[in-house]
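Take a look at the chain below.

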Amino acid sequence: MPGVVDPSLCGEYDYTRGGSMEKYTQGCTLNPDGSAFYTEFQETRTEAWTRSGHGTWNIDGETVWIIADLKKDTKIKSGVTGALVPGIKDEVKVDRNVYVDIKADQLRKAPPSSAAGPKSRWLKKM
């Protein structure tokens, strides 16, 4: 995928979905050398999982692409296994060559992150 690194977008960002029964967060670090780190977390009534990894990033048009191998660690909550959901269990796997897309404008306009900051949008760590 052709693209370039835009130094004005370098930094650490967080995203938290608000107003949902499920907890969901994303985070990324975009470095000037084109390296990146990406993480996401989701928790539901039955499971919690984290997916994260190091890779590269670039911007193509108005889309920021993070390309990485992401390790996904899924933990099933107690009381869910067994007869309720046959075959369900904790799992660790690696998703190779994952492309994560973020609208560049969402990062350009990201306000500073804070505990009382807005939800359901990207925030920039300062």
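In this predicted model, D95 counts as buried, because its relative accessibility is 18% and buried means under 20%. D95 still has a partner. Its side chain meets that of K93 in a salt bridge, 3.8 Å from N to O. K93 is partly exposed, at 36% relative accessibility.

Side chains of opposite charge can pair when their charged atoms come close. How many salt bridges does the whole structure hold? A search finds 12. One of them joins K23 and E43, at 3.9 Å from N to O. This pair links distant parts of the chain: K23 sits in strand β2 and E43 in strand β3, 20 residues apart. K23 is exposed, at 53% relative accessibility. E43 is partly exposed, at 22%.

K109 and D105 form another salt bridge, with their closest N and O atoms 3.1 Å apart. K109 is exposed, with a relative accessible area of 56%. D105 is partly exposed, at 34%.

Now turn to K124, in strand β7. K124 is buried yet has no salt bridge. The nearest side chain of opposite charge is D6, 9.6 Å away. Beyond its close neighbours in sequence, K124 touches residues including S8, C10, E12, Y13 and P111.

End at G55, in strand β4, which spans residues 47–60. The C-alpha atoms of G55 and G34 are 8.6 Å apart, although 21 residues separate the two along the chain. G55 also touches G34, and its other contacts include S35, A36 and I67.

Methods: Residues numbered from 1 in each chain as written. Predicted model: local features only at pLDDT ≥ 70, side-chain atom pairs only at ≥ 80, totals over all residues. Heavy atoms only, no water. Helix = DSSP H or I, 4+ residues; strand = E, 2+ residues; numbered from the N terminus. Buried < 20%, exposed > 50% of the residue type's maximum accessible area, 1.4 Å probe, protein only. Lys, Arg positive; Asp, Glu negative; His and termini not counted. Salt bridge = Lys/Arg side-chain N within 4 Å of Asp/Glu carboxyl O. Contact = heavy atoms within 4.5 Å. Lists of a residue's contacts leave out its neighbours within four places in sequence.
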